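Here's a quick tour of a chain, from its overall dimensions down to one of its sheets. Have the viewer open as you read.

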Amino acid sequence: MKNKIIIFGTGEIGRLAHFYFTNDSNYEVVAFCCDEEFKTQDTFLNLPLLSMEEASIKFPSKLYGMHVALSYSKLNKIREEKYLLAKSLDYNLVSYISSKSVTWPDLEIGENCFILENQTIQPYVKIGNNVMIWSGNHLGHGCKIGDHSYLSSHICISGNTIIGKRCFIGVNSHFKDFIKIGDDVIIAMGASVSKDVADNHCVAGHRSEVFKPDDKLTLLIRKNYFKINE
């Protein structure tokens, strides 16, 4: 018998989470939930759609798990906020990792992770809570991925690299081994990261320059792409 879960989120990620959990997991999705202000209908994908308050009553945490299916809005802070809300209601926050990825038995993975197909994840890797990893990445041996971070596709992270919390890692970026990326860092598409990056910095441009938190480019990316007003 499959364990039953509800999904928080009715956007693109919620729809995808339903597909992956339904077709490639031991979980059965029985309902969706969202914030009351976004509840404009009673069903989603032919399943009940409830507010979080309604869900906590009709689908209590003692009997049902939950998966928070949100993207990187506000540089992952919205997903972090809803993850913490679900935890405060005592839900078991289940993770999904594609059966079409390569992993090893020693992989450490936290709660509410969403890890899609075609990953190569080497030994001694640790993935924190509420991490989203899109398809087709290489995570070298000894890597650590911090809570609430988002990794796009076709990223190569060399061995023993540490990625901090709430980071955004863009498509086709790659990382030298034995470096540390701080919290709330933005790595833009195609960047080549060869040294440590401090908290709140941004790596972007054809020369993969590192921009400080108060640099105009950093502020522009945070405002226009992540909708964060400094």
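## Overall dimensions

The radius of gyration here is taken over C-alpha atoms, and the globule rule is 2.2 Å times the number of residues to the power 0.38. For 230 residues that rule puts a compact globule near 17 Å, and the chain has 18 Å, so the two agree. Along its principal axes, the C-alpha trace spans about 50 × 40 × 25 Å.

Bear in mind that this is a predicted model: local features need pLDDT of at least 70, side-chain atom pairs count only at pLDDT 80 or more, and totals for chains, interfaces and linings use all residues. Residues are numbered from 1 along each chain as its sequence is written, and side-chain values use heavy atoms, with hydrogens and water left out.

## Burial and contacts

Of the 230 residues, 48% count as buried, meaning under 20% relative accessible area with a 1.4 Å probe, protein chains only. Take the contacts (heavy atoms within 4.5 Å) with a separation of 6 or more: 29% of them come from residues 24 or more positions apart.

## Strands and a sheet

The chain has four helices and 23 strands; these are DSSP runs numbered from the N terminus, with at least four residues (H or I) for a helix and at least two (E) for a strand.

Five strands make an open sheet, ordered 3-4-2-1-5 with mixed pairing, where pairing takes at least two DSSP bridges between two strands. At the edges sit strand 3 (43–44) and strand 5 (65–68), each pairing on one side only. Strand 1 (residues 3–8) runs parallel to strand 5 over four bridges; Ile 5 has Gly 65 of strand 5 as its bridge partner.

Notes
Buried < 20%, exposed > 50% of the residue type's maximum accessible area, 1.4 Å probe, protein only.
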